[in-house]
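Hi everyone, thanks for coming.

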Amino acid sequence: LRSLLHPRCFVLPTGVTQKKKLPDGQGMQAEEDAEFVGARVEAGLRAARFSSPPSSEEFAASIEPKNVPAVFRGVLNGSAASSRWDPLHGGLDYLLEKVGPDVAVEAMMSSTGHVFYGDLRSHERVSIPFSTFMHSCKSYLGGLNAADDSSKDKGIGEEPTCSEEMCSASLENSEQLYLAQVSILNTENKERCSLEVLKEDIQEPIFLKGRPFSSINFWMSRAHMRSSTHYDPHHNLLCVVAGCKKVTLWSPSASPFLYPMPVYGEASNHSCVSIEEPDYSSYTRAKYMKEYSERVVLNCGDALFIPEGWYHQVDSDDLTIAINFWWKSRIMTEMLEHMDAYYLRRILRRTK
């Protein structure tokens, strides 16, 4: 009924995966990479898909207030970022020239391989020149291209991997580095905006017109990486500029299955459950996580609205670039601190 009333909007049926055909005869994506809706995800909590961006009025009236994720196709189409930043079409050289050789950025270095967890014991923040990271990406891309050419010459359909020399050329352990949440705009701390110059290439999505952004951030993976399961305290629009991201979502009501870290502890917005080796003996309810989850696939130009409090886990392909917009929800903007005790009592009464 929903798709009949709104031809641009559709929702995947429960328990259904949507596989996407790969180019060049590579067949179908593996099941773990396909879109998926868990069997226990309530109908009203499934992400809507829009074939084109909504108007600002439609977003404000019927999408944002529901606090349910939504996927929008083609949000960045025609923007300078989408046409100039693509690593496969000269984007690395463009970004090198645009940002310049002397700008340092803060990167995340993981001690757990390609998985980035929220606690400080598994990663550290390191300052590196933006140009060094870009040169490392160029080396990695060169290795992928060389391996791809080699496999074509041999007639072998092996997945391309870069040579050891290429992978270590520019930056030690660069496979474990991730440019995460590097500020383009930050209303609370302008000094942190190391990539402010890139704002000239970003076209604000029309349906976010008038939103008081708290920050706009740059995200880039050199090689395939995974972020741990977590939620954010702001509404979030995640936009893929180049590459591909697979985002797994859980509603806040699924918290019991995700075992969030203690409220007053470190990384309180992260799940305790490992995404690669979950310990079901310690976290027994976590075995039902997938049934309460939904996975969406974002390609170049696509955007995902992630409401505040929604858990998400992100897989990024090689050389994937994204930007995101964070803004406070209306309820958090209007929540008065002197009313906290009252709100808490009401919430406790509802969960009794």
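**Aromatic rings and cores**

Let's start with two phenylalanines: F59 is buried, and F207 is buried too (buried is under 20% relative accessible area, exposed over 50%, partly exposed in between, with a 1.4 Å probe and protein chains only). Before I go on, some housekeeping: this is a predicted model, where local features need pLDDT of at least 70 and side-chain atom pairs count only at pLDDT 80 or more, while totals for chains, interfaces and linings use all residues. Residues are numbered from 1 along each chain as its sequence is written, and side-chain values use heavy atoms, with hydrogens and water left out.

How many aromatic pairs does the structure hold? There are 17 of them; rings of Phe, Tyr and Trp (its six-membered ring) pair if their centres lie within 6.5 Å, and planes under 30 degrees apart count as stacked, over 60 as edge-to-face and the rest as tilted. Helices (H or I, at least four residues) and strands (E, at least two) are DSSP runs here, numbered from the N terminus.

Another tilted pair is Y342 with Y343, with centres 5.8 Å apart and planes at 50°. Y342 is partly exposed at 42% relative accessibility, and Y343 is partly exposed at 28%.

Back to F59 and F207: they belong to one aromatic cluster along with F50, F72, F213, F305, F325 and W327.

Now the interior. A nonpolar core is a set of buried Ala, Val, Leu, Ile, Met, Phe, Trp, Tyr and Cys residues joined through side-chain atoms within 4.5 Å. The largest one has 50 residues, and F72, W85, L179, F218, M220 and L237 touch the most other members. Helix α5 (residues 130-154) gives the largest share of this core, seven residues. Leaving aside neighbours within four places in sequence, L237 is in contact (heavy atoms within 4.5 Å) with residues including F72, F207, F305, F325 and W327.

Finally, confidence: pLDDT, the predictor's confidence in each residue from 0 to 100, averages 84 for the protein. Over residues 156-170, though, pLDDT stays under 50. Where pLDDT is low, the predicted coordinates should not be read in detail.
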